[in-house]
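Here are some notes to read beside the structure, written as numbered points. Please keep the sequence open while you go through them.

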Amino acid sequence: MSTTASLGGAFTLPKTSTSVQRMGYGAMQLAGHHVWGPPRDIDAAIAVLREAVDAGVNHIDTSDFYGPHITNQIIARALHPYPEGLVIVTKVGARRAPDRSWPHALSRQELIDAIHDNLRNLGLERLDVVNLRVGGFSSPTEASIEAPFTVLAELQREGLIHHLGVSNVSPTQLAEAQSIAEVVCVQNFYNIAHRTDDVLIDDLAGQGIAYVPFFPLGGFTRLQSAELDAAAASIGATPMQVALAWLLQRSPNILLIPGTSSLTHLRENLAAASLYLHPEILTSLDAIAAPNSSPTT
Ligand SMILES: NC(=O)c1ccc[n+]([C@@H]2O[C@H](COP(=O)([O-])OP(=O)(O)OC[C@H]3O[C@@H](n4cnc5c(N)ncnc54)[C@H](OP(=O)(O)O)[C@@H]3O)[C@@H](O)[C@H]2O)c1
């Protein structure tokens with residue numbers, strides 16, 4: 001049976017039997033303002049998660065540092081026992097400080113604690129996919145990730161993690177991780193206006209590795225552009241739907257995790273899975289790319 005989310009097609013993680021719909025869901029917004037919980041309306045957050053899964057979403061992106069803890073607890077409350085085939089992707093490598101900042105948490109003990117926090121709060125015995133998050137929000141740093149990624153590879157061998165990914169990384173850091181363990185996905189900052197990773201996306205597509213852009217709608221500063229508005233008006237869609245459809249058409253290895261705490265926005269975002277952008281529209285949208293980003297060719 002086709003569902004709203006399945007209209008965007010599916011993707012199988014490399015060298016695994018794990019397949020997800022390309023249209024997924026990012027849970028960060030559920031924590032509340034500044035990603036600091038608890039949210040005002042936990043029942044509303046639960047309703048968003050349940051509707052996403054009912055609509056066919058089987059890829060949810062989260063972290064135990066969203067809230068902190070509360071987002072994973074809400075996921076468990078909404079969906080546990082989890083339906084067959086649901087893939088929950090979490091990330092470690094940061095923590096939340098009392099001032100609500102996001103300092104790194106990459107020491108061996110911090111990583112081990114984070115894995116156990118995720119397991120406990122999600123109600124799982126093994127995490128489906130864990131991303132090691134290393135850089136800042138806007139761009140990667142070039143520090144070696146050998147030590148922290150080796151810790152995650154050990155925890156994978158112990159059976160606590162099924163698959164590994166990396167987040168906020170440079171191509172050099174990705175290669176370093178791949179020399180330690182199989183990497184099934186990369187999660188970096190990318191959207192129609194911020195295309196710094198164009199070359200990396202194509203390289204990962206060649207390797208069959210998923211690329212999961214965070215801030216697909218602009219994140220804390222929502223995408224705004226006259227070109228996006230014009231393209232949306234010309235096909236009777238919304239600008240956010242065009243931004244998501246553009247990502248789906250950009251490369252078959254791109255998986256979407258748009259974040260929302262609103263049922264209306266969730267429905268709007270899921271409907272983008274069936275939107276097709278004609279070549280002339282794609283060309284008009286290249287004008288949105290920021291000056292330091294390369295437009296698609
Ligand atoms: N690896 C990392 O370092 C990292 C960093 C950031 C995020 N992430 C992951 O990426 C996911 C996506 O990122 P994100 O949630 O920060 O940013 P996003 O998906 O680009 O945008 C979310 C923002 O857009 C709004 N929104 C969503 N759908 C909308 C629509 N149809 N129309 C208008 N506004 C809409 C949301 O508000 P409403 O709630 O009001 O809809 C929210 O303010 C997160 O959930 C998280 O899982 C990872």
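1. The side chain of Thr18 makes a polar contact with the side chain of His163, at 3.2 Å; a polar contact here is a pair of N or O atoms within 3.5 Å, where within protein one must be able to donate a hydrogen and the other to accept it, and residues adjacent in sequence count only if both atoms are side-chain atoms. Thr18 sits in the loop between β1 (10-12) and β2 (19-21), where helices (H or I, at least four residues) and strands (E, at least two) are DSSP runs numbered from the N terminus. Thr18 has a relative accessible area of 14% and is therefore buried, a word that means under 20% relative accessible area, with exposed meaning over 50% and partly exposed in between (1.4 Å probe, protein chains only). Beyond its neighbours within four places in sequence, Thr18 is in contact with Phe11, Thr12, Leu13, Val87, His162 and His163, contact being heavy atoms within 4.5 Å.

2. A word on the source: this is a predicted model, in which local features need pLDDT of at least 70 and side-chain atom pairs count only at pLDDT 80 or more, while totals for chains, interfaces and linings use all residues. Residues are numbered from 1 along each chain as its sequence is written, and side-chain values use heavy atoms, with hydrogens and water left out.

3. Which residues of the protein are closest to the ligand? Of the 28 residues that surround the ligand, the closest are Asp61, Leu217, Thr260, Ser261 and His265, counting a residue if one of its heavy atoms lies within 4 Å. A polar side-chain atom of Gln29 lies 2.8 Å from an oxygen atom of the ligand, whereas Gly26 places a backbone N or O atom 3.3 Å from a ligand oxygen, and a polar backbone atom of Gly218 is 3.2 Å from an oxygen of the ligand. The protein covers 92% of the 890 Å² of accessible area that the ligand has on its own, by the Shrake-Rupley method with a 1.4 Å probe.

4. Helix α2 (residues 70-79) is largely enclosed by the rest of the structure, because 8 of its 10 residues are buried. Among the elements that cover these buried residues are α1 (42-54), β4, β5 (87-92) and α3. Helices α2 and α3 (residues 108-122) pack at an angle of about 35°, with their axes 8 Å apart; the axes are lines fitted to C-alpha atoms over the stretch in contact, and angles run from 0 to 180 degrees between N-to-C directions. In this packing, Asn72, Gln73, Ile75 and Ala76 of α2 meet Asn118, Asn121 and Leu122 of α3.

5. The loop between β4 (59-61) and α2 holds His69, which is partly exposed at a relative accessible area of 31%. Setting aside neighbours within four places in sequence, His69 is in contact with Asp64, Asp117 and Asn121. Pro68 belongs to the loop between β4 and α2, and the peptide bond that leads from Gly67 to Pro68 is cis, with omega near -15°.

6. Please also look at Phe215, which has a positive phi of about 60° although it is not a glycine. Phe215 lies in the loop between β9 (210-211) and α7 (226-235), and its relative accessible area of 13% makes it buried.
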